[in-house]
Amino acid sequence: MPAEIVTVPCRSDNYAYLLRDEATGKVALIDAPEVAPIAAALEARGWGLDQIWITHHHGDHTEGVDRLRSRYGAQVAGNAADAGRLPKLDVALADGETVALGETVARMIDVSGHTVGHVAFVVDAENAAFTADSLMALGCGRVFEGTHAMMWASLSKFLAMPDQMRIYSGHNYGQANGRFALTIEPGNAALKDRIARIEAADAAGNPIVPVTLAEEKATNPFLRATEPAVKAAVGLAGADDAAVFAEVRRRKDAF
Ligand SMILES: [Zn+2]
């Protein structure tokens, strides 16, 4: 049976997600930026909370973990390799291990770069990837702890996924990301179309996620480091993908 996914806007620009396994009614939360909107989303649906999956240690993804855990009796899962910086883990996973929510199974994969130890949760049967601050809607996370090569290796894991994979990222930076993306590819029609849809979603108060990997590949300047036109646009015609990604990321840092 399928799973239902609910996007929960939190703080000023965060997204948390509820994932409900239809067969058992079990519910997982991906990241806990704060308590109130998540508790409200659960209570509006009459749902409990069985698990919390943490993507990385930053406070705007973890602040609500302990209070939600104690309020609902949820089990907290995350990356064993980063356990020292995460809220206490009830389930410590290694890269590539799976976590089950009833009949719904997610793979936890290491996508370090924004932090070392950042992970994504991928539910292959649902074509859903919870990417937080690794691959983001029309962008990628700033490389705070890892290296550009590490972040590119992480983004390449998403590039290898099916085009219909739906990307659920951790923030709405869509409009700012769009303004930057246009500096790299001012003539990209798919990009302009996507920016218009992001503006419309923001104006209507709707989430800008999820977006398919196919759409990210057509519009996201960080994933498009593989494209000859993007390589040329940053003065690196013929350079390897990782070097082009690093240059696009440096330009975004200075944007
Ligand atoms: Zn972060």
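How many residues does helix H4 have, and how far does H4 reach from its first C-alpha to its last? In this predicted model, H4 covers residues 148-159, which makes 12 residues, and it reaches 16 Å, close to the 16 Å expected at 1.5 Å a residue. Several H4 residues are tucked away from the surface: Met151, Trp152, Ser154, Leu155 and Phe158 are buried. These residues cover an arc of only 160° around the axis, which puts them on the same side of H4.

Ser154 counts as buried because its relative accessible area is 4%, under the 20% cut-off. Setting aside neighbours within four places in sequence, Ser154 is in contact with Asp110, Val111 and Ser112. Ser154 and Phe130 are 24 residues apart along the chain, and their C-alpha atoms are separated by 13 Å.

Phe130 leads on to the largest nonpolar core, which has 29 residues. Phe130 is among the residues with the most contacts inside this core, and the others are Ile5, Tyr17, Leu19, Trp53, Phe121 and Ile208. The elements that give two or more residues to the core are the strands E1 (3-10), E2 (14-21), E3 (27-30), E7 (98-101), E8 (104-110), E9 (119-123) and E10 (128-132), together with helix H6 (189-204). H6 gives the most, with 4 residues. A second, separate core has 26 residues, including Val111, Met151, Val234 and Val248. Two of these names have come up already: Met151 is one of the buried residues of H4, and Val111 is one of the contacts of Ser154.

Beyond its neighbours within four places in sequence, Phe121 is in contact with Trp53, Ile54, Thr55, Ala77, Leu93, Val99, Ala106, Arg107, Met108, Ala128, Ala129 and Phe130. Its strand, E9, is mostly covered, with 5 of its 5 residues buried. Val119, Phe121 and Val123 point one way from E9, while Ala120 and Val122 point the other way. In a regular strand the side chains alternate between the two faces of the sheet.

What is the order of the strands in the open sheet of 6 strands? The order is E7-E8-E9-E10-E13-E14, and the pairing is mixed. E7 and E14 stand at the edges, each with a single partner strand, so one side of each is left without a neighbour in the sheet. E9 pairs with E8 in the antiparallel sense over 4 bridges. Across that pairing, Ile109 stands opposite Ala120, and Met108 has Phe121 as its bridge partner. E9 and E10 also run antiparallel, joined by 3 bridges, with Val122 partnered by Ala129. These two strands form a hairpin with 4 residues between them, and Asn127 in the turn has a positive phi of about 50°.

Most residues other than glycine have a negative phi, and most peptide bonds are trans. Ala132, in strand E10, has a positive phi of about 50° although it is not a glycine. Arg11, in the loop between E1 and E2, likewise has a positive phi of about 50° without being a glycine. Is each of these residues buried or partly exposed? Ala132 is buried, with a relative accessible area of 3%, whereas Arg11 counts as partly exposed at 40%. The peptide bond from Val209 to Pro210 is cis, with omega near -5°, and Pro210 is found in the loop between H6 and strand E14 (211-212).

Not counting residues up to four places away in sequence, His61 touches Asn14, Asp31, Ala32, Pro33, Thr55, His56, Ala132, Asp133, Gly170 and His171. His61 is buried because its relative accessible area is 0%. A polar contact of 3.3 Å joins its side chain to that of His171. Thr55, another of the residues touched by His61, is also on the contact list of Phe121.

Definitions and conventions
Residues are numbered from 1 along each chain as its sequence is written. This is a predicted model: local features need pLDDT of at least 70, side-chain atom pairs count only at pLDDT 80 or more; totals for chains, interfaces and linings use all residues. Side-chain values use heavy atoms; hydrogens and water are left out. A nonpolar core is a set of buried Ala, Val, Leu, Ile, Met, Phe, Trp, Tyr and Cys residues joined through side-chain atoms within 4.5 Å. Buried means under 20% relative accessible area, exposed over 50%, partly exposed in between (1.4 Å probe, protein chains only). Contact means heavy atoms within 4.5 Å. Two strands pair if DSSP finds at least two bridges between them. A polar contact is a pair of N or O atoms within 3.5 Å; within protein, one must be able to donate a hydrogen and the other to accept it, and residues adjacent in sequence count only if both atoms are side-chain atoms. The expected span of a helix is 1.5 Å times one less than its number of residues. The arc is that of the directions from the helix axis to the C-beta atoms.
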